[in-house]
Amino acid sequence: MGREKANYRETLSFLIDERGCPLVLNKKQAAKLLGISRNKLYDLIGDGCIKEHSEKIPIGSIANFLCG
């Protein structure tokens, strides 16, 4: 297992506590949260930058992506 990215926990806490994001998002919600198109989101999923499970995207995957 790799190390946790810098500021991951803070970003995750911000998304859940401050922004009120659900723990699991559909693709439309995730694209809106990131401010990108769904096509760009599909590209990020295909490239492995964002992970999905059963057609849903965990908020932890979004936080991980935002931390670089």
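A crossing of two helices is called left-handed if the near helix is turned anticlockwise from the far one by less than a right angle, and right-handed if clockwise. Keep that in mind as you work through these exercises on a predicted model.

**Exercise 1. Describe how helix 1 and helix 4 pack against each other.**

Solution. 
- Step 1: Start with the general idea. Two packed helices are described by the angle between their axes and the distance between the axes.
- Step 2: Find both values. The axes of helix 1 and helix 4 come within 9 Å and cross at roughly 130°.
- Step 3: Name the arrangement. Angles over 145 degrees count as roughly antiparallel and 65 to 115 as roughly perpendicular, so helix 1 and helix 4 are oblique to each other.
- Step 4: Apply the opening definition. Helix 1 crosses helix 4 in the right-handed sense.
- Step 5: List the residues. Helix 1 contributes Y8, T11, L12, L15 and I16, while helix 4 contributes I59, G60, I62, A63, N64 and L66.
- Step 6: Sort them by class. The contact of helix 1 with helix 4 has eight nonpolar residues, three polar and no charged ones.

**Exercise 2. Work out whether helix 2 is roughly parallel or roughly antiparallel to helix 4.**

Solution. 
- Step 1: Look up the geometry. Helix 2 (residues 27-34) and helix 4 (residues 59-66) pack at an angle of about 30°, and their axes are 12 Å apart.
- Step 2: Compare with the cut-off. Angles under 35 degrees count as roughly parallel, so helix 2 is roughly parallel to helix 4.
- Step 3: The crossing of helix 2 and helix 4 is right-handed.
- Step 4: See who meets whom. From helix 2 come A30, L33 and L34, and they meet I59, I62, F65 and L66 in helix 4.
- Step 5: The contact of helix 2 with helix 4 has seven nonpolar residues, no polar and no charged.

**Exercise 3. Find which residues of helix 4 are buried, and what they pack against.**

Solution. 
- Step 1: List them. The buried residues of helix 4 are I59, G60, S61, I62 and A63.
- Step 2: Look at their partners. These buried residues pack against helix 1 (8-18), strand 1 (24-25), helix 2 and strand 2 (57-58).
- Step 3: Zoom in on one of them. S61 has a relative accessibility of 10%, so S61 counts as buried. Residues up to four places away in sequence aside, S61 touches I50 and K51.
- Step 4: Turn to N64, which is also found in helix 4. N64 has a relative accessible area of 30%, so N64 is partly exposed. Leaving out neighbours within four places in sequence, N64 is in contact with K5 and Y8.
- Step 5: Look just past the end. G68 follows helix 4, and the phi of G68 is positive, near 90°.

Technical notes. Residues are numbered from 1 along each chain as its sequence is written. This is a predicted model: local features need pLDDT of at least 70, side-chain atom pairs count only at pLDDT 80 or more; totals for chains, interfaces and linings use all residues. Side-chain values use heavy atoms; hydrogens and water are left out. Axes are lines fitted to C-alpha atoms, for helices over the stretch in contact, and angles run from 0 to 180 degrees between N-to-C directions. Helices (H or I, at least four residues) and strands (E, at least two) are DSSP runs, numbered from the N terminus. Contact means heavy atoms within 4.5 Å. Ala, Val, Leu, Ile, Met, Phe, Trp, Tyr, Cys and Pro count as nonpolar, Asp, Glu, Lys and Arg as charged, and the others, Gly among them, as polar. Buried means under 20% relative accessible area, exposed over 50%, partly exposed in between (1.4 Å probe, protein chains only).
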